[in-house]
Amino acid sequence: FPPGLVEMTMAALQDVDEELPLQTFYRFGGVLFDQVDERRKALFYFEYPDLVLQVHGRCDEDDVEGRQELVERLGRMKERVRAVAQVFTGLARRGLEPKAQVEFVAYDAEAAAAAARPKVHASFATRMNSATMQSVTHEVYAAGCEWTTDHTQTEAWFEEWSRKAEEAGFLLVLFTPEYKNRYSEALEREADKIRQIHERNGT
């Protein structure tokens, strides 16, 4: 980022709204919210490595007055950011125009929470002890993670298994007696895929 851009943006936005003072700041952004009613808040942050400033506010979907309030609040924030951006030559200042539209999208809290949960994928023998499997899945869910290994065995099973392996934050190999005694071609393909992901990602 251009030196000083993030710091100047934070300084410009910390008092942009008297009702929403800056409460928390991070390396690339901050959170403005009302301590009495924390539902009224705004979030701003720079996306890295792309130089894009995201500014978000939230209200109920059917709250017409709340939407209007958000538009006005974001408008004031845009004015402050536009003044900062003008200091830096060469920046593509898109979206800061007075008539630039504010986009409203429905927020699905349940879907957002699910997307935030780390995904756990696994390789194991199909005939492994059911109690062991239940214990593993219980610990995965207890840790706040999503177990993604369940899928229908079809001709395209390996493509589906590989896709989930690529998306997973954690890959487990359940090295049980059944795994060792029934090391099949399918398990070997899964092991090769895990090795490829490990060598590529260094994890």
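Among contacts in the chain between residues at least 6 apart in sequence, 54% join residues at least 24 apart, where contact means heavy atoms within 4.5 Å. This is a predicted model, in which local features need pLDDT of at least 70 and side-chain atom pairs count only at pLDDT 80 or more, while totals for chains, interfaces and linings use all residues. Residues are numbered from 1 along each chain as its sequence is written, and side-chain values use heavy atoms, with hydrogens and water left out. Of the 203 residues of the chain, 30% count as buried, a term that stands for under 20% relative accessible area, with exposed meaning over 50% and partly exposed in between (1.4 Å probe, protein chains only).

**Overall make-up**

- The secondary structure of the chain comes to seven helices and seven strands, both taken as DSSP runs numbered from the N terminus (helices are H or I with at least four residues, strands are E with at least two).
- From the N terminus on, the order of elements is α-β-β-β-β-α-α-β-α-β-α-β-α-α.

- Strand E1 (residues 22-25) pairs with E2 in the antiparallel sense over three bridges, pairing being assigned if DSSP finds at least two bridges between two strands.
- E1 and E2 form a hairpin with three residues between them, and Phe25 has Gly30 in E2 as its bridge partner.
- Strand E2 (residues 29-33) is in turn joined to E3 by five bridges, the two running antiparallel, and Gly30 has Phe44 of E3 as a bridge partner.

- Three strands in the order E6-E5-E7 make an open sheet with parallel pairing.
- Strand E6 (146-147) and strand E7 (170-173) stand at the edges with a single partner strand each, so one side of each is left without a neighbour in the sheet.
- Strand E5 (residues 119-123) runs parallel to E7 and is joined to E7 by four bridges, with Val120 standing opposite Phe170 in E7.
- Ser123 lies in strand E5 and is buried, with a relative accessible area of 1%.
- Not counting residues up to four places away in sequence, Ser123 touches Trp161, Leu172, Val173, Leu174, Tyr179, Leu187, Glu190 and Ile194.

**Helix packing**

- Helix H5 (residues 157-167) lies across E5 and E7 and runs at about 135° to E5, where axes are lines fitted to C-alpha atoms (for helices over the stretch in contact) and angles run from 0 to 180 degrees between N-to-C directions.
- H5 and helix H7 (residues 185-201) pack at an angle of about 30°, with their axes 11 Å apart.
- The contact is made by Trp157, Phe158, Trp161, Ser162, Ala165 and Glu166 of H5 together with Ala186, Arg189, Glu190, Lys193, Ile194, Ile197 and Arg200 of H7.
- By class, the contact of H5 with H7 has seven nonpolar, one polar and five charged residues, with Ala, Val, Leu, Ile, Met, Phe, Trp, Tyr, Cys and Pro counted as nonpolar, Asp, Glu, Lys and Arg as charged, and the others, Gly among them, as polar.
- Helix H1 (residues 5-13) and helix H2 (residues 64-85) pack at an angle of about 145°, with their axes 9 Å apart.
- In this pair, Leu5, Met8, Thr9, Ala12 and Leu13 of H1 meet Met77, Arg80, Val81 and Val84 of H2, a contact that divides into seven nonpolar, one polar and one charged residue.
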